Amino acid sequence: MLESIIQNIFNALQWGSYYSLIALGYCLVYGVLLLINFAHGDIFMVGAYIAFFVSTLFLGHYHFFPYALSKPVVLALTIPITMFLTSCVGVFIERVAYRPLRRKGANRLYVVITALMAGLILENGNLALLGASRKKFPELLDKVVYHFGNITLTNIKIIVILSAFLVFWLLHFIVTRTKIGMAMRAISYDRFAVPLMGIPVDTIIVFTFVLGSSMAAIAGILFAMSYPILDPYMGAMVGWKAFIAAVVGGIGDIRGAFVGGFLLGFIEILVVAFFPSTFRDLIAFTILLIILSFKPTGIFGVAKTTKI
Amino acid sequence: MLLEIKNLKVKYGNIEALHGISFTVDQGEIVTLIGANGAGKTTTLNTITRVPPPEGPKVWEGDILYKGQSILSMEPHEVVQKLKIALAPEGRHIFGNLSVEENLKLATYARTDEAKIQEDYKLVYRLFPRLYERRKQRSESLSGGEQQMLAVGRAIMTGANFLLLDEPSMGLAPLLMYEMFKALKELNQKEGMTILLIEQNAKLALEFAHRGYVLDTGEIVLSGSSQELLNSPEVKKAYLGG
């Protein structure tokens, strides 16, 4: 009994890690632009695909680069290159889709619709370019399984969980301790006054997209390492769930998004432990709905007050 | 001439808010723009700081010159970084989710002159000791007057040598108002800060400033030294209550 509980806790932590890493990206962009960036789940998918192409390139799968590097080297190269390229995609979307609307002072509704469209374009662009067949993500890390009684842990599972916490710790440091992080928090409170401090708002926005997209890239790599089948729609469901996790946690606060992601992970695993797995999403979202109806601003959210 | 506004006409959407105003501010001066609500005072400051539309007005005629150069093509953050002109805006606009200290630190975002930054912290905390007492506090928990001090302190921390102040007396209790203007006077006299002040409280503004302009529905109707304006029958009648 105890062993199965511990096993489930680790499973929940693993899934929570993916949700949290993606939820943090929703949270950052929302904090700075008050925009729910619905393309973000698909950025996660793009991250996984970029990781696929980068790693297969360095493993020597293509004729124009006939050098096969060793797996640890490939992994060490794949992570930063994927983060960089995925950030470029995120920033590109902000430049061509969101910024022009912002310049024209468009209503937020239109920006959200644009975000939804950008996500669909990523999904269908992938489908059109790469076809409907799924991709098999290469094994970049020899899988090691540890047994503790009846508990089994893989090295990948441990890496996923540790990475999520490490990334959150880094992000928390950036947001609370650095000037650029302060500027991000300042924009979420009072957009008008930020340029009056000599701060170029667009630079802060680009930086925010870089942070969010690189975290989605990390989530994409970790996800592909654990579940090595990639398809163009892999980001849709995970993205929606991470978004809901961010809202339940309190979308204006990175702690909220982080905790929300793990909360969703735990609820899902808990449901599956007692019910058939087809009930998972139904019951999980019902529970989240109940939490929201009691605390509409989310667990960490506070209603904003303005002093007159 | 440090700042020269030449025949400035601006619009919000299709509505003209300034109908061709001209005035100047010289190095080291305190100049005030007085006028009733809606006269275009805040619009003037927002135009100088290049706040973009939709919140900011659109210039369609005239020019703003800083040391003889037009600044109309500048971005708002460049006005602060390059021209060292900082605005303490109407309604304060402090970052309530940051502490007092963080608000001040954020204003140094673009600065690299570390030694001068430290001096400026000292200056701000000396001018406004209340901010030092409350430096760890979330700034939305400050009183209105303290928030106003923070807005001015923040403008100083940008490294500005030219302050634009939009109604710094608004909502302040008399004692705080006195402290505020004493600090501003000291900034001007000891630090050589140039100040362009906007006030509804015309008497207060004219007693504080060297020169003034009277703005009425988007036009400058009167100008002169503070003494002249204080003694002018029109000003007395319209703004000083008889």
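This is a predicted model: local features need pLDDT of at least 70, side-chain atom pairs count only at pLDDT 80 or more; totals for chains, interfaces and linings use all residues.
Me: How many helices and strands does chain A have?
Reply: Read along the sequence, chain A follows the pattern α-α-α-α-β-β-β-α-α-α-β-α-α-α. In total, chain A has 10 helices and 4 strands.

Me: What radius of gyration does chain A have, and what would a compact globule have?
Reply: The C-alpha atoms of chain A fill a box of roughly 60 × 55 × 35 Å along the principal axes. A compact globule of 308 residues would have a radius of gyration near 19 Å. The value for chain A agrees with this, being 20 Å.

Me: What percentage of the residues of chain A count as buried?
Reply: A residue counts as buried if 20 or more other C-beta atoms lie within 10 Å of its own. Of the 308 residues of chain A, the share that counts as buried is 46%.

Me: Are helices H1 and H2 of chain A parallel, antiparallel, perpendicular or oblique to each other?
Reply: Helix H1 (residues 2-33) of chain A packs against helix H2 (residues 40-58) of chain A at an angle of about 130°, with the axes 10 Å apart. Angles over 145 degrees count as roughly antiparallel and those from 65 to 115 as roughly perpendicular. The angle of about 130° therefore makes H1(A) and H2(A) oblique.

Me: Which residues make the contact between H1(A) and H2(A), and how do they divide by class?
Reply: H1(A) contributes A:Ile22, A:Gly25 and A:Tyr26, while H2(A) contributes A:His40, A:Gly41 and A:Phe44. By class, this contact has 3 nonpolar, 3 polar and no charged residues.

Me: Is the crossing of H9(A) and H10(A) left-handed or right-handed?
Reply: The axes of helix H9 (residues 254-274) and helix H10 (residues 280-294) of chain A come within 9 Å and cross at roughly 130°. That angle makes H9(A) oblique to H10(A). The crossing of H9(A) and H10(A) is right-handed.

Me: Which residues of H9(A) and H10(A) meet, and how do they divide by class?
Reply: On the side of H9(A) are A:Leu264, A:Ile267, A:Glu268, A:Val271 and A:Val272. They meet A:Arg280, A:Ile283, A:Ala284 and A:Ile287 of H10(A). The residues of this contact divide into 7 nonpolar, no polar and 2 charged.

Me: How many residues of chain A are in contact with chain B, and how do they divide by class?
Reply: On the side of chain B, 28 residues take part in the contact; on the side of chain A, there are 17. By class, the side of chain A has 11 nonpolar, 2 polar and 4 charged residues.

Me: Which residues of chain B are in contact with A:Leu196?
Reply: A:Leu196 is found in the loop between helix H6 (179-189) and helix H7 (201-226) of chain A. With 26 other C-beta atoms within 10 Å, A:Leu196 is buried. Leaving aside neighbours within four places in sequence, A:Leu196 is in contact with B:Thr49, B:Pro76, B:Val80, B:Ala86, B:Leu87 and B:Pro89.

Me: What is the radius of gyration of chain B?
Reply: Chain B has 10 helices and 10 strands. For 242 residues the globule rule gives 18 Å, and the value for chain B is close to this, so the chain is as compact as a globular protein of that length. The radius of gyration of chain B is 17 Å.

Me: Is B:Glu16 buried, partly exposed or exposed?
Reply: B:Glu16 is found in strand S2 (residues 15-25) of chain B. Leaving aside neighbours within four places in sequence, B:Glu16 is in contact with B:Lys9, B:Lys11 and B:Gly218. Because 16 other C-beta atoms lie within 10 Å, B:Glu16 is partly exposed.

Me: What is the phi of B:Arg50?
Reply: B:Arg50 lies in the loop between helix H1 (41-48) and strand S4 (58-66) of chain B. B:Arg50 counts as buried because it has 22 C-beta neighbours inside 10 Å. Its phi is positive in a residue other than glycine, near 65°.

Me: Where does B:Thr217 lie?
Reply: B:Thr217 has a positive phi of about 40° although it is not a glycine. With 13 C-beta neighbours inside 10 Å, B:Thr217 counts as partly exposed. B:Thr217 lies in the loop between strand S9 (211-216) and strand S10 (219-225) of chain B.

Terms used:
Residues are numbered from 1 along each chain as its sequence is written. Chains are lettered from A and ligands numbered from 1 in the order in which they are written. Axes are lines fitted to C-alpha atoms, for helices over the stretch in contact, and angles run from 0 to 180 degrees between N-to-C directions. Helices (H or I, at least four residues) and strands (E, at least two) are DSSP runs, numbered from the N terminus. Angles under 35 degrees count as roughly parallel, over 145 as roughly antiparallel, 65 to 115 as roughly perpendicular and the rest as oblique. Two residues are in contact if their C-beta atoms, placed from the backbone, lie within 7 Å. Ala, Val, Leu, Ile, Met, Phe, Trp, Tyr, Cys and Pro count as nonpolar, Asp, Glu, Lys and Arg as charged, and the others, Gly among them, as polar. The radius of gyration is taken over C-alpha atoms; the globule rule is 2.2 Å times the number of residues to the power 0.38. A residue is buried if 20 or more other C-beta atoms lie within 10 Å of its own, exposed if 12 or fewer, and partly exposed in between; C-beta atoms are placed from the backbone. A crossing is left-handed if the near helix is turned anticlockwise from the far one by less than a right angle, and right-handed if clockwise.
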